[in-house]
Amino acid sequence: MAGKRTLHLLWGGIKAGLRQPWLAWRRRRGLLVKPLFLDYAVTWRCNARCRMCDTWRRPAEHPRTGESELSPGELDAILARDAGFLDAVEKVGLTGGEPFLRSDLVELVRVLHRHLPRARLSLVSNGLLTERILAALEEIRSFFPGLTFSVSLDGLAELHDRVRGVPGAFQRALATMRGALALGFTVTSGLTITPHNYHQIGPVSRLLAEMGVDFSCNLQEQGANFNNQGRDVGLDARQRAEVLRQLEPFAHHYYMDNLRQQLLGKPRNLPCYAGFTSYFLSPFGEVCVCNLIGTPLGNLRERPFARIADHPRSWRLRRRLADCTCWSQCEVKKSAAVAPWSILAWLARNPRKGEFLRHYTAKSRLWVRGR
């Protein structure tokens, strides 16, 4: 089985490698392609008060936020209308806010899975509403057991509580992850590196490894999805040095090793395909190029997806992204999936190739199961 999974991973890489020059050529020529990846923030409402994110403030800033979210019926009609443009979608990531604050979340997942049956689906949560989350996951399991479920963990015990701004958040996050694992779901977890928890990468990764939960981490980001534009998110020299030290054991992990390289000042060599092969959807049907740039290209309630994607305004923004230097995890993973030559160049220099293959072969097995 391990050999078959490795072959599946290699075959997927070969197909993506053959596709990369074609995608690059079409983008240079201004020719549209069908999206492969979507991130969909189903709500901006949130029950956490995170130090690194102000998404939870949006409902107070925009009181009609909840009322104007796309309903399952609206989503169903949009996906039916745009079926021809969206039939190549490989992955949909559901995020927020806190998705499980929507009472109709299961129906949203059902609609997406019905219209995009070949797409992998993932759900990101803060894990606070344990009983509600597990009840929803049990219902989702009845029609899509391949869902990938993720709960953020930003430190051990009280430190996670302080970062998330909710007493007891750590214990609830663990209970939610354990419950999801017991239901048979693939569970992942991520840590957002900030000046408050820069020393927690190793301790959190070890705890999650004991639980059988895949781990990754990313730097605190500024952008529309986090409602924190203009906030100082930097690490001081001492904190940066500690992050570099704690990232060293992850040299086999493409994203985290390149995060370390970026902290060392090395340039990004991965082309950005945000807004070309991937898009970010707001709770209200707005189409954006990525989760950091909040400028809407158009609204799916008003126009078909293909017309929005092929508008001159969309092409102007894509050209601006050609030299993007960010290392946003959500966007990097999607660009890497369609630009594997950068991964191969990194792997050729990497002394831990065997560990890399074992790690990503395991991920490939989960992707296959998710289909």
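**Aromatic rings up close**

Search this whole predicted structure and you turn up ten aromatic pairs. The views below pick out some of the rings.

**View 1. F100 and F149 meet edge-to-face.** The centres of these two rings sit 6.1 Å apart, and their planes make an angle of 85 degrees, which is over 60, so we call the pair edge-to-face. Now look at where the partners come from: F149 belongs to strand 4 (residues 148–151), while F100 is in the loop that runs between strand 2 (91–95) and helix 5 (105–115). The two parts are 49 residues apart in sequence, so this pair ties them together.

**View 2. Y273 and F276 make a tilted pair.** Here the ring centres are 6.2 Å apart. Y273 has another neighbour to spot: the charged end of R27 sits over its ring, 4.3 Å from the ring centre.

**View 3. A charge sits over W315.** Which residue puts its charged end over this ring? It's R318, and that charged end lies 4.3 Å from the centre of the W315 ring.

**View 4. Four residues share one aromatic cluster.** Which residues form it? Look for two tyrosines, Y254 and Y255, together with two tryptophans, W327 and W346.

Terms used: Residues are numbered from 1 along each chain as its sequence is written. This is a predicted model: local features need pLDDT of at least 70, side-chain atom pairs count only at pLDDT 80 or more; totals for chains, interfaces and linings use all residues. Side-chain values use heavy atoms; hydrogens and water are left out. Rings of Phe, Tyr and Trp (its six-membered ring) pair if their centres lie within 6.5 Å; planes under 30 degrees apart count as stacked, over 60 as edge-to-face and the rest as tilted. Helices (H or I, at least four residues) and strands (E, at least two) are DSSP runs, numbered from the N terminus. A charge sits over a ring if NZ of Lys or CZ of Arg is within 6 Å of the ring centre and within 35 degrees of the ring normal.
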